[in-house]
Amino acid sequence: MKNKDRNGTLKAFLLDAEHVLVQGESAIRLMLKLESGTTIRMYDSFEPYFLVQPQAPDEKSLQECKKSLEGMRAFGKAGEVKTKRVEETTLSFRNKKMPFLKVFAFLASDVPLLRHAAEKHGVPFEFDIPYTRRYLLDKRLRPNALHEIEHEGLRVKSIKALDSQGETPKFRMLSLDIETYNPDAMPNAEKDPVLMIGYDGEAKGVYSYKKKFSNDFTKTFASEKEMLEGFCALLREKKIDLLCTYNGDQFDLPYLQKRAKRIGADLRLGRDKGEVKTKRLGLREVSKVSGRIHYDVFPVASFLNFIGTIKVERLTLEEVYFTVLGGKKLGVKKQDIHKIWDTGSQKELDFLAEYCLTDAIACIDLTKNFLHLHLELGKLVQMPLVEVSRATASQLVETYLLSKAFVRGELAPNKPSSADIYSRQSPVEGAFVKTPDAGLYENIAVLDFRSLYPSIIISHNIDVTTFDCDCCTKAEAFISPQGHKFCKKRKGIIPEMLEEILAERAKIKKEMKKFDSSSSEYKALDARQWGLKILANSTYGYLLYARSRWYSREGGEATTAWGRHYVQDVLKKAEEFGLKPLYSDTDSTFLLYESKEKVLEFQKQINASLPEAMQLELEGFYPRGIFVSKKAKGEEKGAKKKYALIGEDGKIKIRGFELVRRDWSKIARETQRKVLEIMLREGSVEKAVTLVKKVVEDLKEGRVPIEECVIYTQLRKSASSYEIQSPELGAVQHARKQGVRVPENAIIGFVITKEGKESSKSKQKVYLQSRLIELAKDYDPDYYVNHQVLPAVLRILGSLGFDEDSLKNKGKQTGLESW
DNA sequence: TAATTCGCTAGACCGA
DNA sequence: TCGGTCTAGCGAA
């Protein structure tokens, strides 16, 4: 700790910036990590402020407004609030430079109060940018990057981000996972103790109490209290910087805190006496521990699942671990834990400890896997790790844009009012999708526009600041297919951002080729390009996001209109070129070819005609592919967003089929997958039919395990607010009637059982037969044959010239329903 | 108080 | 009992 005690300059990684009070004023406390590995705290001063646009831009109005703002009074809970001081400044607003007044406050919490008072004197702006974020943006600091700090003791004199992109701090990490006593499904901290704490990272093991264990990784304490305090001692001893959990925000950390209070344990998870602080951040809760970074893998997995980077059916630790890292699952049912604790055998108790440890291992492994991404994203959008790892797509884009606006000397637009949000609701016409003809095809070339929407936005300078400018005539500007005009003279903030992102990403991709894919350099670069990709892909959505500061309906309309224009142009030109278009969705084109050279020649020709930022890439050549028909009344039409391709390497790419959907049973999905594989690899209908017959027989005979009949669905509303009955709702209602608690919005698994099946000939209500998997005793073979396996499979076989109706004629040799 | 639109499908609902 | 319409969920991009 020598460095901080004297004056001078030091280099450190900036980990976090917190709001603190110093002598009655808002100030910043920085968490810094020296290159030696030591973590220190320092203090910086920063005045909270917001901006006000005077009623009129003339000097007289400006001075009058300034005077009024200086004399402002507002009243908050803590009494009277005053303006600290007011400064004049010039900012660019709606493409014009104009005067603004910068109103400084003593406390960050005064800003919202003063802002209301200021509304009488002008139009307030940038009043809702959180204090610590304002600090990072204004000082152009980059969380997780190396900074040079000039200081006097613990006081920062100046701080500057260094241009050392590659380096990132090395954290001392520990994962944490608790098991609780839970006789009533959901544990209650008022009465249910914490039984075990698993951890991995700087140390690895399990803490428990009273019980004896035969393994050597479990340490037994005399009481729950000593166990909790022992764990805090471990955090201190190992000098942990980063504590990671899976859903610790909402479960583990608040539970430990409540429990400690209840049993009188001295729980110091942080670096000082502070308790776990659980704060609402947007829609969710964040649990913070002072002096350490709490990294919660659950919101990370949830975000990546949402944007499509990973694909899991349920966001459990086990499933995420398995999907992302191929880790094994160790099954202990939550409802069994208290039984094992009370009456379990030694073997069961040992197994529980092992399970607890496995969860801690999964948690640290996942953290190591995702941390690089957030370190890089944090640098990029200037958000500390705690925030960036919990941020939504719109928050990432918006924070990046706020920083860009600051650098460009532009005023950030205010967030929309609720009336604005309401008026932004009507949808904007989206992408073009071509209807394919159903069938089995050979030799399909797939061409993709690389980053279609970002490249269109760049090429045509699309955003709210460039729309309908008054500096370009129609002849000078970019005119969209619907006639929207975009400036050609000044680059917009969003096109500029995307141009930088895409250029940087291309540079990184090139750089990555120099390294081995297992090297740390490669991984850091990969994380960086990944972060850039997330940002670029979210930007179009942000343009049309109703709560966006930089919303542009016209910009969104123009982007998709140009998208439709370019992709349809490719289809038309392909036809003329002698390549038959088969299918197209948004940015992709599927062409039937005879020679690959011709495809490459075509691609070259298109690329020569495109704007510089746009590019048509060859995604691949596929020897065989299947498109199926839509299940529609009347005419037979090919289905969109549903196809399967087999690559030259034998790898199969499947989109849209039931088998990729979690709301279909495993038995139907697996059977469909096998049929698709047979058709793609061998093209043998006979073989596929034989396979299906076997499955149907197994179902009839009850040989299929009930687990393979589970259907997963999320109830996205509260159970009472549904207009219509459904099987999933039926399962929940039945369970609640039995006294089983089912949380709102949960993804539930249910089975269609024989129970509740009506013998009458009237139309069977499936929801009466549906039961949660936990309560299901059997499955209804008729349902799984006729409503799961056969529809999934016949769609494919029927589309490939196999006469579907003949399949259903009972008695025929090949009939699938001949049983 | 979670980026967008396009598209498929099952099952419930409802009127003839 | 049949067939059209609507609600709801999930996936493609």
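Which phosphate oxygen distance from DNA strand C does a polar side-chain atom of Lys 717 have?

A: A polar side-chain atom of Lys 717 lies 3.1 Å from a phosphate oxygen of DNA strand C, a polar contact in the sense of a pair of N or O atoms within 3.5 Å; within protein, one atom must be able to donate a hydrogen and the other to accept it, and residues adjacent in sequence count only if both atoms are side-chain atoms. The model is predicted: local features need pLDDT of at least 70, side-chain atom pairs count only at pLDDT 80 or more, and totals for chains, interfaces and linings use all residues. Residues are numbered from 1 along each chain as its sequence is written, chains are lettered from A and ligands numbered from 1 in the order in which they are written, and side-chain values use heavy atoms, leaving out hydrogens and water.

Backbone atoms also take part. A polar backbone atom of Gly 656 is 3.0 Å from a phosphate oxygen of DNA strand C, and for Val 660 the corresponding distance is 3.4 Å.

Around DNA strand C there are 22 residues, counted as near if one of their heavy atoms lies within 4 Å of the strand. Asp 587, Tyr 643, Arg 662, Arg 716 and Tyr 722 come nearest.
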